[in-house]
Amino acid sequence: MVSAKTVLVCHSNACRKQGAAKVLAAFQAHPVPDVSAIASRCLGQCGNGPMVLVQPDRIWYNRVQPDEVPAVVERHLRGGEPIKAMLYPKFHQP
Ligand code: FES
């Protein structure tokens, strides 16, 4: 069984300017059971957005584009495997 997850899409100023609203809309357009996609306050990584944090996995994605969201949904949220090529390098070693 897959445990419940929350996808936090930063909706503070910097990430909004970089297109966070479309990223959140893309997650919400691909609903997954037991996964909530919500707008969050600033995640403290301004300028590297749109920032996405998947909890409780503590997996960070940065500069997420709306057309990349379906892959995150299929491989990470449904399949349980984070997409290494999209991880935020500051918090995930290559
Ligand atoms: S505005 Fe998104 S991390 Fe700060």
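**Reading strands, core and rings**

Q: In β3, which residue is the bridge partner of valine 9?

A: Valine 52 is the bridge partner of valine 9 in β3. This is a predicted model. On the β2 side, valine 9 stands opposite alanine 39.

Q: How many bridges join β1 to β2, and do the two run parallel or antiparallel?

A: Six bridges join β1 to β2, and these strands run parallel. With β3, β1 runs antiparallel, joined by four bridges.

Q: Why is β1 said to be largely enclosed by the rest of the structure?

A: Of the six residues of β1, five are buried, so the strand is largely enclosed by the rest of the structure.

Q: Which residues have the most contacts inside the largest nonpolar core?

A: In soluble globular proteins, nonpolar side chains tend to be buried together. Here the largest nonpolar core has 30 residues, and those with the most contacts inside it are Val7, Val9, Phe27, Val52, Tyr61 and Leu77. The elements that each supply at least two residues include β1 (5-10), α2 (20-28) and β3 (52-55). The largest share, five residues, comes from α2. Beyond its neighbours within four places in sequence, phenylalanine 27 is in contact with residues including Val7, Val9, Val52 and Leu77.

Q: How is the aromatic pair of tyrosine 88 and phenylalanine 91 arranged?

A: A pair of aromatic rings is described by the distance of the centres and the angle of the planes. The count here comes to three aromatic pairs. In one of them, tyrosine 88 and phenylalanine 91 are edge-to-face, 5.3 Å centre to centre with 85° between the planes. Together with Trp60, Tyr88 and Phe91 form one aromatic cluster.

Q: Is tyrosine 88 buried or exposed?

A: Tyrosine 88 is buried, because its relative accessible area is 4%. Phenylalanine 91, at 36% relative accessibility, counts as partly exposed.

Conventions:
Residues numbered from 1 in each chain as written. Predicted model: local features only at pLDDT ≥ 70, side-chain atom pairs only at ≥ 80, totals over all residues. Heavy atoms only, no water. Phe/Tyr/Trp six-rings, centres within 6.5 Å; stacked < 30°, edge-to-face > 60°. Buried < 20%, exposed > 50% of the residue type's maximum accessible area, 1.4 Å probe, protein only. Core = buried A, V, L, I, M, F, W, Y, C linked by side-chain atoms within 4.5 Å. Contact = heavy atoms within 4.5 Å. Pairing = 2+ DSSP bridges.
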